[in-house]
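Subject: Structure for your review

Dear colleague,

Please find below the structure that I am handing over to you. I would be grateful if you could read the notes that follow with the model open beside them.

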Amino acid sequence: MPRRRPWARRTAATAASAAALVALAVPAEAATTTTSTSTTAQAAAAADVDYATWQQDCQVVMDQALPYLKQRIAATKPGEKQAIVFDVDNTTLETDFGFSYPQPANKPVLDVAEYAQEHGVSLYFVTARPGIISGVTDYNLKTVGYRVSGLYVRGFGDLFKDVATYKTAQRVDIESKGYTIIANIGNSATDLSGGHAEKTYKLPDYDGQLS
Ligand SMILES: [Mg+2]
C-alpha cells in the first residue's frame, strides 16, 4: 500500500475538517488532491485501537521521556541551546482521533513539551505535511499550547525524497543553527531514524495504522 498522506486523509475523513482546512489552505490544488485520495481515507480512519488505549500507550513512553529530559535540562552546558524535535501527526496532535479543527493536542506529549518549553528548551516540529498547509499547522500547534520555535513542512522538492531522509535533513538544519537536539519524539520509524538527536522516543503507530 502506498504511504498515506495524513493531511489528505484527515481532510477526507470528515466534511467539517475538510471544509476548515481547504478554506484556510489554498484550495485549488488541495481540493483536487484530497478528492483523489478519498478512498484511502475510509481504511485509514479505522485504526484497530481505541482512544483510551492509544493515550495509555503514549503515556507509557512519555513517562520514560520526562525523567530523562528533567535530568538533561538540569545538566545544560554553558552556552548550550537545547531543542526537542517533534513529529506532528499522531505525536503532538490527535490526528487520527481528533476529528475537529483545530486538532486537540496529544495530552501526554503536550505535558512533556510544556515542561521543556518552560525550562528554556526550543521546540521544533518536523512534518511530512506539505507546505500548502504550513500556516494551518503552525496555528493549530500554537493554539493548543505548543511554543513553536520552528515548523518544517515538505516543500515541492522534498516530496521526491523519502520521509526519513527529509526529516533527518531538517534535524541537521536545526543543529546548524547551533542547537543540541536532546530528544526526537515521533510515532513512525521514519521520524526517528538517521541520528542527529541524543535520544529518540517512539510513540505507537500500530504497524503503520497511525501516520
Ligand atoms: Mg506521525
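The notes below describe the central sheet, the helices beside it and the nonpolar core.

Please bear in mind that this is a predicted model. It contains an open sheet of five strands, paired in parallel in the order E3-E2-E1-E4-E5. Strands E3 and E5 (200-202) are at the edges and have a single partner strand each, so one side of each lacks a neighbour in the sheet. On average, neighbouring strands are turned by 20° against each other, direction ignored.

Strand E1 (residues 81-86) is joined to E4 (residues 179-186) by six bridges, and lysine 81 stands opposite tyrosine 179 of E4. Four bridges link E1 to E2 (residues 122-130); here isoleucine 84 has leucine 123 as its bridge partner. Five of the six residues of E1 are buried, so this strand is largely enclosed by the rest of the structure.

Further along the sheet, E4 and E5 are joined by three bridges, and isoleucine 185 is partnered with tyrosine 201 in E5. Helix H5 packs on the sheet and touches E1, E4 and E5; its direction makes about 170° with that of E4. Helix H8 (residues 163-176) also packs on the sheet, touching E1, E2, E3 and E4, at about 150° to the direction of E4.

The largest nonpolar core has 35 residues, and Ala83, Ile84 and Val85 are among those with the most contacts inside it. Helices H5 and H6 (107-118) are among the elements that each supply at least two residues of this core.

Yours sincerely,
A colleague

Technical notes: Residues are numbered from 1 along each chain as its sequence is written. This is a predicted model: local features need pLDDT of at least 70, side-chain atom pairs count only at pLDDT 80 or more; totals for chains, interfaces and linings use all residues. A residue is buried if 20 or more other C-beta atoms lie within 10 Å of its own, exposed if 12 or fewer, and partly exposed in between; C-beta atoms are placed from the backbone. Two strands pair if DSSP finds at least two bridges between them. A nonpolar core is a set of buried Ala, Val, Leu, Ile, Met, Phe, Trp, Tyr and Cys residues joined through C-beta atoms within 7 Å. Axes are lines fitted to C-alpha atoms, for helices over the stretch in contact, and angles run from 0 to 180 degrees between N-to-C directions. Two residues are in contact if their C-beta atoms, placed from the backbone, lie within 7 Å.
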